[in-house]
Amino acid sequence: MTDPTITELADAAVATRPLDFLADFASMSRNGATERGGVDRQAATIADGQNRNWFRGLVEGHGFTVHYDQVGNQYCLLELSPGAPWIAVGSHLDSQPLGGRFDGAYGVLAGAHAALQVQQRLHNDAQEAKFNIVVINWFNEEGCRFKPSMMGSSVYTGKLSAAQALNTTDPAGVSVHEALQAIGTIGDFELQVEAYVEIHIEQGRSLEDRGLTIGLVESTWGANKYEFTVHGEQSHTGATVIADRHDALLGASALVVAAREVALEYSTEEHMVITSCGEFTVLPNSPVVVASQVNLLVDVRSTDPEVLAAADAALHDRVRQIEKMASVTIERGASHIWGSKQYDESGINLARNAAQAVGLEHGVVRTLAGHDSTNMKDIVPTIMLFVPSVEGISHNEGELTQDKDMLAGVRMLSEVLHRVVTGEFV
């Protein structure tokens, strides 16, 4: 029996890497783990900082160099060709409170493993890369501790100023700047990228329903997200008659109902409308006091700009009606809006060819949720990929993507990145 060649050893290393991915994913999922199998790693919390440092140690052990920019975006650089421009792959490591362990984090870890597989493949085939790869962990994609969501990529793409992001505070009054300093993941690094690739769990069930392994994302839904403050008047729940009440909680509750009614009224067979309300803050939140103020968030989403505009107008018309009904005033605060836009058609074609090359069942999908690619596609050619979510469950500790689908996604991402770094995309 002859000794294995260097090439054979390298091929064996690539073959075992999927098992390494699952081990790394299990290790990562212990950071901020919850009792019911999820994670709680809200942006710039201790758990998020621990996970960022864990990821830094992982990739530095494989030859990456790691830097942070002024709003805490984490850049993990793998140089394939000295002096070449950079393409990015990434997602986010932060989570919702009591969230799932797959959302965002899968895409960051998959990006690192896929980048290493590309590096090995280039070496084995004696190919020259036209681009280097940076894996980006975007800061505060979830937007639960600090608003708005997709904060890090919004700053990178110029949609939000760094000063505004850094001065944003959480409900306890801690600023983004203070929180990032506390976990030591803030710097002054800057990097221009020429293209962006992201893989994510679907957070819906269309892939599972269609028996597909890979989703090729063709467009985003449009989304209008608003902060509302309902102003009433504090009074005694027992002594204040109904006619004299200015109940902010009644007004907020009516707004929740109105949002659902708008979704049902404006959805069509061709274009669905989805509305949601969340993050209620009730003041003074006493059992014997009529609420004086309620802060809440409302969002309206649709695939069609005209349907979205009509539903949005209807929602705001209902706001005026609720003010009269509940004898309150409703103030609209900050908003976060993105339109229904297409992803790069050449990127979809590249991804389709890649899926065929690795033998994965695939199809075109739209993304209902927002992702960092939603921002990145507006400044550079961008490819967005999905892997299935069991029963579409997400932002929930029960969120699940099967091991075989995670590994298939890494294989798909590796093929896509290889094609991008060898010049097929930009």
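A residue is called buried when its relative accessible area is under 20%, exposed when that area is over 50%, and partly exposed in between. Lys377, with a relative accessible area of 14%, therefore counts as buried. The structure shown is a predicted model, and buried residues make up 54% of the 426 residues in its protein chain.

The chain as a whole comes next. The protein chain contains 12 helices and 14 strands. Its radius of gyration is 23 Å, close to the 22 Å that the globule rule gives for 426 residues, so the chain is as compact as a globular protein of that length. Taken along the principal axes, the box filled by the C-alpha atoms has dimensions of roughly 95 × 50 × 40 Å. Of the contacts with a separation of 6 or more, 79% are between residues 24 or more positions apart. The accessible surface of the protein chain amounts to about 18,200 Å², and carbon and sulfur atoms account for 50% of that surface.

Attention may now turn to charge. The protein chain carries 29 positive and 55 negative side chains, and the centres of these two sets lie 2 Å apart. Side chains of opposite charge can pair when their charged atoms come close. With a salt bridge taken as a side-chain nitrogen of Lys or Arg within 4 Å of a carboxyl oxygen of Asp or Glu, the count comes to 17 salt bridges.

One of these pairs belongs to helix H2, which spans residues 46-60. There, Glu60 forms a salt bridge with Arg56, and their closest N and O atoms are 2.8 Å apart. Because the two residues are four positions apart in this helix, about one helical turn separates Glu60 from Arg56. Glu60 is partly exposed at 37% relative accessibility, and Arg56 is partly exposed at 28%.

Helix H9, residues 305-326, holds both Arg320 and Asp317, which are three residues apart, about one turn of the helix. The closest N and O atoms of their salt bridge are 3.5 Å apart. Arg320 has a relative accessibility of 47% and counts as partly exposed; Asp317, at 34%, is also partly exposed.

The buried residue Lys377 forms a salt bridge with Asp378, with 3.2 Å between the closest N and O atoms. Elsewhere, salt bridges that share partners join Arg121, Glu415, Arg419 and Glu424 into one network.

Terms used. Residues are numbered from 1 along each chain as its sequence is written. This is a predicted model: local features need pLDDT of at least 70, side-chain atom pairs count only at pLDDT 80 or more; totals for chains, interfaces and linings use all residues. Side-chain values use heavy atoms; hydrogens and water are left out. The radius of gyration is taken over C-alpha atoms; the globule rule is 2.2 Å times the number of residues to the power 0.38. Buried means under 20% relative accessible area, exposed over 50%, partly exposed in between (1.4 Å probe, protein chains only). Contact means heavy atoms within 4.5 Å. Accessible areas come from the Shrake-Rupley method with a 1.4 Å probe; for residues, only the protein chains shown count as cover. Lys and Arg count as positive and Asp and Glu as negative; His and the chain ends are not counted. The place of a charge is taken as NZ of Lys, CZ of Arg, CG of Asp or CD of Glu.
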